[in-house]
Amino acid sequence: MDSRSSEKTKLIAVVLIALFFGFLTGYYLELLLIALAGYILWSLDLLFNFERWIERGANVDEAPSGGGIWDRLIGHALKIRKSLKLERERNTKLKVRFNEVLRSFPFPTIVLNGRNEIQWINKRAAKILSLQRKKDVGIPIQNIFRYEELSRKLRSPEATEFELKSPNGDDTLMMTISKLTRNVRIISIRNISERVRLDASRKKFISNASHEMRTPLTIINGYLEMLKQNKDLDKKSIEMVDIAYEHGQKMDALITDLLILSGLRDAENANKISKYVNFSSVIDESIINLKNSVKFKQKINLDIDKKLELLGTEYQLYSIASNLIENAVKYSPKNSEINIFWGKENGDGVFKVIDQGIGISQKEMDQVTEPFYRTPDAQDQNIEGTGLGLSIVNESAIRNNGIFSFKSAPGKGSEFKVTFKL
Ligand code: ADP
């Protein structure tokens, strides 16, 4: 018999007994009311017992017994309690394992919840960031490190990286923020001070060496230029002077590129001389200057917004225009078209140089912005260059609030683009 019919049977029995005594005594209604009130009170009593039992923790040994539906209710409650217990045990085990994994992280690590509050810090992170593991847990990380950059990166839903000075100011740290689950993010920290120091000394070396080479080279080039104009030289000597002069000029261009690149890498110098620049004039100037040194064998189409200005450093913007246009000319065949665009797209200032040249293969795309990298195609076809142009463009774009990107297909052409936040 199911519990519903057993409860019905009990109620019917109570009613029948009341009616039977009613028949004997003649007080039908009174006895029926008394019997029903008794039944309700008994049910209420069981309900209170049940509630008290749940409140006390629903232990098996203390389970009240009422038969029928009450026993079933108690059975369900016991089942739920058991599955909750199992779940809790599983969660505790998971938490222990999670903590073990985090503890064994070789990097300083911080765990944040969905509100960016610190949930967990390992010893290494506490040490490097001067945090107190007990005190700082529960505090939003942006309240501890008040960096605009950090707040911005925390708003980003994707994994991001950014550099930060350690609180004692001695170290440079690389913070990588990655998402673990919907509401858990991990910040792992690397000390990159050594790399930064090496970078700085390499940059200083390049800059010093280039400066030191520039003075004697200017003198050599000056004498070679004078020699070139000397009418008394025989044909063989003129040829030799011409070759020496040409190489002197290449050397000069290389040193200029190195000086620009080492200057660009110096964040201190960058942005200092920002002003509103008419980029259209910069493009015109680059084309005029390039025409003096490179032969334009292609058709150049210009689609330029003459009024659109850009806040930036003029010489860096010039480097961007001149390097990209020069590359398009160098790496494109005769009579092909080069399209140059400067204008507004989705609220950004966009500069594009599109050519129908030799293009760059997929596997070389990551490398062409590295200093001194030249594709085998460029070298096989004896196209001159230093391999510094695109790294200068990339660095200049970053320094001027821009993003450098490009698309290319071998044999079909390339589209180089710098998107500036206006
Ligand atoms: P380079 O002085 O060699 O031109 P860059 O840094 O400007 O140095 O370019 C790096 C390499 O990228 C080049 O050697 C060339 O192989 C490739 N490259 C750059 N621009 C283009 C282009 N417009 N078309 C095809 N390849 C290009």
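Trainee: Which residues make the nonpolar surface patch?
Mentor: First, a word on the model: it is predicted, so to speak of local features we need pLDDT of at least 70, side-chain atom pairs count only at pLDDT 80 or more, and totals for chains, interfaces and linings use all residues. Residues are numbered from 1 along each chain as its sequence is written, and side-chain values use heavy atoms, with hydrogens and water left out. A patch takes residues with over 30% relative accessible area and no salt bridge, joining nonpolar side chains (Val, Leu, Ile, Met, Phe, Trp, Tyr) within 5 Å and like charges within 9 Å. Areas come from the Shrake-Rupley method with a 1.4 Å probe; for residues, only the protein chains shown count as cover. Here the patch covers about 1200 Å² and is built from Ile-12, Leu-16, Ile-17, Leu-19, Phe-20, Phe-21, Phe-23, Leu-24, Tyr-28, Leu-29 and Leu-33.

Trainee: Which helix gives the largest share of the patch?
Mentor: H1, with eight residues. Ile-12 sits in helix H1, and both H1 (3-25) and H2 (28-55) supply at least two patch residues. Helices (H or I, at least four residues) and strands (E, at least two) are DSSP runs, numbered from the N terminus.

Trainee: How many residues surround the ligand?
Mentor: Counting residues with a heavy atom within 4 Å, there are 20, and the closest are Asn-327, Tyr-331, Arg-374, Thr-375 and Leu-390. For polar contacts, look for N or O atoms within 3.5 Å. A polar side-chain atom of Asn-327 is 2.8 Å from a ligand oxygen, and a backbone N or O atom of Leu-390 is 2.7 Å from a ligand oxygen. Alone, the ligand exposes 530 Å², and the protein buries 99% of that.

Trainee: How many aromatic pairs are there?
Mentor: A ring pair is described by the distance of the centres and the angle of the planes. Centres must lie within 6.5 Å; planes under 30 degrees apart are stacked, over 60 edge-to-face, the rest tilted. This structure holds eleven such pairs. Phe-279 and Phe-420 have ring centres 5.9 Å apart and planes at 65 degrees, so they are edge-to-face.

Trainee: And how many salt bridges?
Mentor: Opposite charges on side chains can pair when the charged atoms come close. The cut-off is a Lys or Arg side-chain nitrogen within 4 Å of an Asp or Glu carboxyl oxygen. There are 14, including Arg-190 with Glu-161, whose closest N and O atoms are 3.0 Å apart.

Notes:
A polar contact is a pair of N or O atoms within 3.5 Å; within protein, one must be able to donate a hydrogen and the other to accept it, and residues adjacent in sequence count only if both atoms are side-chain atoms. Rings of Phe, Tyr and Trp (its six-membered ring) pair if their centres lie within 6.5 Å; planes under 30 degrees apart count as stacked, over 60 as edge-to-face and the rest as tilted.
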